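Today I am opening a new notebook page and going through one model, item by item. Here it is, so that you can follow along.

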Amino acid sequence: MFIEHSGAELALVQSLKRREVHLRAGETLIHEGQTDAPLFTLRSGWAFRYKTLSDGRRQILTFLLAGDFIGVQQKMGDASAHGVQTLTEAQLCVFQRDALWELHRQSPSMGFNITWLTAHEESMVDDTLLSVGRRSAEERIAMLLIILFKRAAALQPDGGTSGVPFPLTQQHIADGLGLSLVHTNKTLRKLERRGLHHIEDGTLYLRDVNALARLADLYGDGKPAPRPLI
């Protein structure tokens with residue numbers, strides 16, 4: 001899933017790495033409004049970016065899987081406009097924010113990689129916006145299931161033939177797709193009765209990928225492109 005880096009690029013990233021941290025499920029990695037948030041690479045586990053309204057209503061912006069680079073959306077010196085929370089136990093590499101300057105200064109290719117990763121995540125947010133704005137509940141959930149399955153499967157040696165981890169609760173799905181919890185529950189059960197997917201013991205199985213893709217009006221096959229690793 002990840003492109004090969006040169007020895008010099010690997011050495012540069014290692015020199016900028018400060019430490020590793022291990023978090024439990026449900027821990028906050030970046031707080032909304034935080035001004036000193038570092039940068040992270042998610043080595044293992046799942047997390048999500050979110051924003052909340054004053055009354056506590058939450059919108060999940062993107063789900064984060066191993067290899068994702070976290071925190072680059074925050075401008076230098078500004079408060080973070082979003083929060084990040086772990087979905088599962090997670091292992092992360094930690095970088096200081098000035099690592100961005102060093103990556104761009106010392107290695108233009110790694111600077112481009114940062115730009116690529118940022119643009120890629122923005123495109124995922126665009127897809128979520130399209131779902132929330134125009135897709136029906138069935139189409140939204142079909143889109144989410146197939147995209148997350150493909151992303152998780154790309155990290156597994158078996159390509160997802162044995163299913164993929166799926167730590168999302170129905171509340172996470174509802175918050176990510178702008179649906180009520182009741183509507184989310186009914187739609188998931190409806191798609192499962194149609195034989196499109198199955199979720200059991202925290203594992204997602206896709207029973208009919210082509211039918212899900214047609215329902216979601218998916219552009220492309222949903223398989224993630226080879227990507228840089230910071």
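I start with exposure: buried means under 20% relative accessible area, exposed over 50%, and partly exposed in between (1.4 Å probe, protein chains only). This is a predicted model, so I take local features only at pLDDT of at least 70 and side-chain atom pairs only at pLDDT 80 or more, while totals for chains, interfaces and linings use all residues. Residues are numbered from 1 along each chain as its sequence is written, and side-chain values use heavy atoms, with hydrogens and water left out.

**Entry 1: Q96.** I looked up Q96 and found it partly exposed, at a relative accessible area of 36%. Q96 sits in the loop between β8 and α2 (99-106); helices (H or I, at least four residues) and strands (E, at least two) are DSSP runs, numbered from the N terminus. What does Q96 touch, not counting residues up to four places away in sequence? I find R18, R19 and L39, where contact means heavy atoms within 4.5 Å.

Entry 2: I traced an open sheet of four strands, in the order β1-β8-β3-β6, with antiparallel pairing. Two strands pair if DSSP finds at least two bridges between them. At the edges I have β1 (17-23) and β6 (69-70), each pairing on one side only. Strands β3 (residues 39-44) and β8 (residues 90-95) share five bridges, and S44 has Q91 in β8 as its bridge partner.

**Entry 3: aromatic rings.** How many aromatic pairs does a search of the whole structure find? The search gives three. Rings of Phe, Tyr and Trp (its six-membered ring) pair if their centres lie within 6.5 Å; planes under 30 degrees apart count as stacked, over 60 as edge-to-face and the rest as tilted. F69 and F95 have ring centres 6.3 Å apart and planes at 65 degrees, so I note this pair as edge-to-face. F69 belongs to β6 and F95 to β8, so the pair ties together parts 26 residues apart in sequence. Both F69 and F95 are buried. I also noted one aromatic cluster, made of F48, Y50 and F63.

**Entry 4: two helices.** Last, I checked α5 (residues 170-177) against α6 (residues 181-193): their axes come within 9 Å and cross at roughly 110 degrees. Axes are lines fitted to C-alpha atoms, for helices over the stretch in contact, with angles from 0 to 180 degrees between N-to-C directions. On the α5 side I list Q170, Q171, I173 and A174, which meet L181, T184, N185 and L188 in α6.
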